Amino acid sequence: MVQPVEKLLLFGATGDLSQRMLLPSLFGLHADALLPETLTITCTARSEYDDAGFREFAAKALDEFVPADRLDPDMVKAFLDRVRYHALDASSPEGYEALAESLGDISGGLAIFLSTAPWLFGPTIKGLKSAGLTAENVRIGLEKPLGKDLETSREINDIVAEAFPEDRTFRIDHYLGKETVQNILALRFGNSLFEPVWNARGIDNVQITISETVGLEGRAGYYDEVGALRDMLQNHMLQLVSLIAMEPPAHFDGTSIRDEKVKVLRSLRPIEAEDVGHLTVIGQYGAGAVAGKIVRGYDEELEKGSDTETFVALKAHVDNWRWQGVPFYLRTGKRMAERRSEIVIQFKPVPHSIFAERGGMLQPNTLVIRLQPEEYVRLLVMAKQPGLDREGIRLREVPLNLSLDTEFAGTQRRIAYERLLLDLIEGDPTLFVRRDEVEAQWAWIDAVREGWAANGIKPKSYSSGSWGPSAAIALTERDGVTWHE
Ligand code: BG6
């Protein structure tokens, strides 16, 4: 592993992500003595703060987004002592010399984190380069969106590559920082039980749902340009697909794991324009009620009409030996019935039921990996209902339940960004997305969007608080499959 750096430089430090996630995560790491002792954090954005002013701003963010029982005032003060601020207009080449000066000696290593609008990536990288801030002991973390299609993603990747080679480029997909997402690897490759049936012989279909109850959350400008396919499916959901479908890597390291993931992403069967109508469904939320609260429709929230999808469901295939003929049903949306991220593995039925002639009904086994809000792995198995069976054998599906919340109740849970920021500071690329992965993801997504455009497909309305348009139910029911609910 590469050495931890001594300096962290945060672009976009006054932004929403910084307030909600980055500053609280850095504080969490500091509070648990996980940051290198001498690490300083230089924050930058356009706003004209001095150090004291920004520390006040950061303290407010911590107040709002860190649980109160973690906010020991002395600890907050000690954390803020690490934080400095340097106002910078990242779009203009002028300020970078001064930035480098204020950073001072970077011989102990520097990690840069860009949490800015993607159009700023170009000028920022140029500025960093001109000011000597791209040397060999400097690495860079990039927050999404990394482009809006394959072409723009390549442009960004090319710009970054001019200053930072791939092994010093850390692309964030915050789902990879989630504990339960990493648990997929533990479950698959730490147990001998699943792997023999983890293929087309054992598995009938895979379902992945990321449903959210939130709407636009003040991000209208970004979201309306992007939509659910690019906001969630292109990145988080395809990463989940790759972890579920990958071959066992030979080692637990960035190269081995990402080599296997990219093979999956490249094996995704392209959805052709003539198939997009029956393999995908898009929706946009209308008014409705979520958790008992009346909410407005997307148009109303946006204050204009829009064809942007806030829901997408689709049927994907991984075209290789292991997964031939196994559909991967993916769906994600805003303003849905509940907040849930979940992977469901539906196994094949037993080849022959010995219970049928005694009236016993069987259901195929199901493995549910719940990522949030609860964290559990649940295997649904058939059991005999107690009784004398005079009227036939009664069988029932019962859960073998591994609640990670309960099992590891004494272990501190960390938000994804704590893990990812620490990995960036320490230089471990395993949980970051490599260029070839991002580009394979975009190539597949672009074809879907082209199909929608070619066929004039527009989102169907669905009520807020529902599970999306009814066509999403039909998408699986046509195959005799029901979404797990
Ligand atoms: C982000 C998307 O990447 O993920 C948001 O831009 C979405 O639209 C968020 O709300 C969901 O993340 P999580 O961790 O709450 O599931």
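**A walk through the predicted model**

Ala111 is buried, with a relative accessible area of 0%. I like to begin with this residue, and you can find Ala111 in strand S4, which covers residues 110-114.

From Ala111, let's jump to Arg219. How far apart are the C-alpha atoms of Ala111 and Arg219? They are separated by 28 Å, and the two residues are 108 residues apart along the chain.

Now zoom in on some distances. Lys144 has a polar side-chain atom 2.6 Å from an oxygen atom of the ligand. Lys334 places a polar side-chain atom 2.7 Å from an oxygen atom of the ligand. And for Gln372, an N or O atom in the side chain is 2.6 Å from a ligand oxygen. On its own the ligand has 390 Å² of accessible area, and the protein covers 84% of that.

Pro145 sits in the loop between strand S5 (138-142) and helix H6 (150-163). Gln372 and Pro373 are also joined by a cis peptide bond, with omega about 5 degrees. You will find Pro373 in the loop between S13 and strand S14 (376-384).

Strand S13 itself runs over residues 366-372, and Thr366 is found there. Is Thr366 buried or exposed? Thr366 has a relative accessible area of 3%, so Thr366 is buried. The side chain of Thr366 also has a partner: a polar contact of 3.1 Å joins it to the side chain of Gln346.

What about phi? Two residues are worth a look. Ala291 is not a glycine, yet it has a positive phi of about 50 degrees. Ala291 lies in the loop between strand S8 (280-290) and strand S9 (293-295). With 80% relative accessibility, Ala291 counts as exposed. The other is Arg335, again not a glycine, with a positive phi of about 55 degrees. Arg335 belongs to the loop between strand S11 (327-333) and strand S12 (340-347). At 15% relative accessibility, though, Arg335 counts as buried. The cut-off behind that word is under 20%.

On to helices. Helix H1 covers residues 16-31, and its 16 residues reach 22 Å from the first C-alpha to the last, close to the 22 Å expected at 1.5 Å a residue. Where is the kink in H1? Look at Leu22, shortly before the proline Pro24: the kink there is about 30 degrees.

Now compare helix H14, residues 435-454. Its 20 residues should span 28 Å at 1.5 Å a residue, and the end C-alpha atoms are 28 Å apart, so the two values agree. Just after H14 comes Gly456, with a positive phi of about 55 degrees.

Let me finish with two long hops. Ile210 lies in strand S7, residues 203-211, and at 1% relative accessibility Ile210 counts as buried. From Ile210 to Gly387 is 177 residues in sequence and 40 Å in space, C-alpha to C-alpha. Gly480 is in the segment after helix H15 (470-477), and its 64% relative accessibility makes Gly480 count as exposed. Between Gly480 and Asp167 there are 45 Å in space, C-alpha to C-alpha, and the two are 313 residues apart in sequence.

Terms used:
Residues numbered from 1 in each chain as written. Predicted model: local features only at pLDDT ≥ 70, side-chain atom pairs only at ≥ 80, totals over all residues. Heavy atoms only, no water. Polar contact = N/O pair within 3.5 Å; in protein donor to acceptor, adjacent residues only side chain to side chain. Areas by Shrake-Rupley, 256 points an atom, 1.4 Å probe, with all protein chains shown as cover. Helix = DSSP H or I, 4+ residues; strand = E, 2+ residues; numbered from the N terminus. Expected span 1.5 Å × (residues − 1). Bend = angle between axes of the 7 residues up to and from the residue. Buried < 20%, exposed > 50% of the residue type's maximum accessible area, 1.4 Å probe, protein only.
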